[in-house]
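Q: I would like to learn how to read the features of a protein model, one at a time. Could you take me through this one, giving the general idea and then the case at hand?

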Amino acid sequence: MSVRKKAAVIGLGHQAVEDHLPGLANSQFAQLAAVCDTDPSKVSAQAEQHHVPGFTDIRALLEDVRPDFAIVAVPHHVGREVIETCAAAGVHVMKEKPFATGPAEAAELVALCDKASIELMVTVQRRFHPVYTAAVQLLEQIGQPYLVEGRYTFHCPDPAAGWRGRASLAGGGALMDMGYHLIDLIIWYLGLPDRVLADTSTAARPDADYDAEDTALVHLAYDSGLYGSLLISRSAGPKTEQLTVTGPRGAVVIERGRVRRLAPDGQLIEFLTREPAWPSAATAQIDCFCRVLDGERTNPSGPSTHVAHAAFLAAAYTSQTSCTPSDPKEYLL
């Protein structure tokens, strides 16, 4: 890969500034070619800082710069339009999660990417972080899992603020946004559950007007006998991110910067920590995507993979009791 690929960053919010732009700066195989946002002040600041052209119109960017791929980090309800625009121009996409705001949109985006012959990778960066990849090996040491427990919480002062407070725009609340990370880990490590049931709440701010849940409690079960729960909240502190998988030979506890293997009585057997954490994971995913575009690797986080995530979320939001384990796509019909 002698010539680095040209990448455009579309959407200049926190995720792009903290992860995607630093990730590109450290990439072996890609370089920033342009930035785009609807806010001219953000465009001006980032374009000047990175010495690249800035745009407020996606079509103008794609026509003038002709990037090899775009990193898309926009509000959930805007994602589909951006993907459609990139697909029409034959530009590959790395999209910030979630893949889609609902199961119907997920199915349509799968078909769109296939028809346009573009690669799309969802930026679930934990799959590219050494702590989370090490957990795959440690899970093999605990026997057949029978219990999984997840918690992802932090305190947001105003869960009603902006588009994230509206289910019609965000597709959902804490479960759709923060919970996507835990759902991805569950599916990666353990597969798609056979049954999902969730309760959601907008009770954290009774004085505010919002309908995208601030808290969700999800119960899940597998025909193998594995069962468990996930607590996701953007209103309840302290800030915590943890997934624990327990089997007859002990447990694996996975946290943001650390993974531990415990004996059945809870005694520590081994652990791995990693500092620093996130820009390196963003770089690893960008470089992996470049290899996918060159045909050197298969896409580990493509559209068809995230149909399962849509099935999980749909089951949770509609209080369905089945994720159709035989074929998640059936859930989207």
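Q: At roughly what angle do the axes of helix α9 and helix α11 cross?
A: Axes here are lines fitted to C-alpha atoms, for helices over the stretch in contact, and angles run from 0 to 180 degrees between N-to-C directions; the helices (H or I, at least four residues) and strands (E, at least two) are DSSP runs, numbered from the N terminus. In this case the axes of α9 (residues 179-190) and α11 (residues 303-317) cross at roughly 115 degrees and come within 10 Å. The model is a predicted one, in which local features need pLDDT of at least 70 and side-chain atom pairs count only at pLDDT 80 or more, while totals for chains, interfaces and linings use all residues. Residues are numbered from 1 along each chain as its sequence is written, and side-chain values use heavy atoms, with hydrogens and water left out.

Q: Which residues of α9 and α11 meet?
A: Contact means heavy atoms within 4.5 Å. On the α9 side these are Tyr180, Ile183, Asp184 and Ile187, and they meet His306, Ala308, His309, Phe312 and Leu313 in α11. The residues of this contact divide into six nonpolar, two polar and one charged, where Ala, Val, Leu, Ile, Met, Phe, Trp, Tyr, Cys and Pro count as nonpolar, Asp, Glu, Lys and Arg as charged, and the others, Gly among them, as polar.

Q: Is Asp184 buried or exposed?
A: Buried means under 20% relative accessible area, exposed over 50%, and partly exposed in between (1.4 Å probe, protein chains only). Asp184, which lies in helix α9, has a relative accessible area of 2% and is therefore buried. Leaving aside its neighbours within four places in sequence, Asp184 is in contact with Val124, Arg127, His306 and His309.

Q: And which residues count as exposed?
A: Among them is Gly295, found in the loop between α10 (278-293) and α11, which counts as exposed because its relative accessibility is 62%. Another example is Val3, in the segment before β1, which is exposed with a relative accessible area of 64%.

Q: What is the order of the strands in the open sheet?
A: Two strands pair if DSSP finds at least two bridges between them. The six strands follow the order β3-β2-β1-β4-β5-β6, with parallel pairing. Because β3 (54-55) and β6 (120-122) stand at the edges, each with a single partner strand, one side of each is left without a neighbour in the sheet. Two bridges join β3 to β2 (residues 30-36), and the bridge partner of Cys36 in β3 is Phe55. Six bridges join β2 to β1, where Lys5 stands opposite Ala30 in β2; five of the six residues of β1 are buried.

Q: Which residues have the most contacts inside the largest nonpolar core?
A: In soluble globular proteins, nonpolar side chains tend to be buried together. A nonpolar core is a set of buried Ala, Val, Leu, Ile, Met, Phe, Trp, Tyr and Cys residues joined through side-chain atoms within 4.5 Å. The largest one has 72 residues, and those with the most contacts inside it are Ile10, Phe99, Tyr189, Leu230 and Leu243; its largest share, eight residues, comes from α9. A second, separate core of 23 residues includes Ala7, Ala16, Ala47 and Val292.
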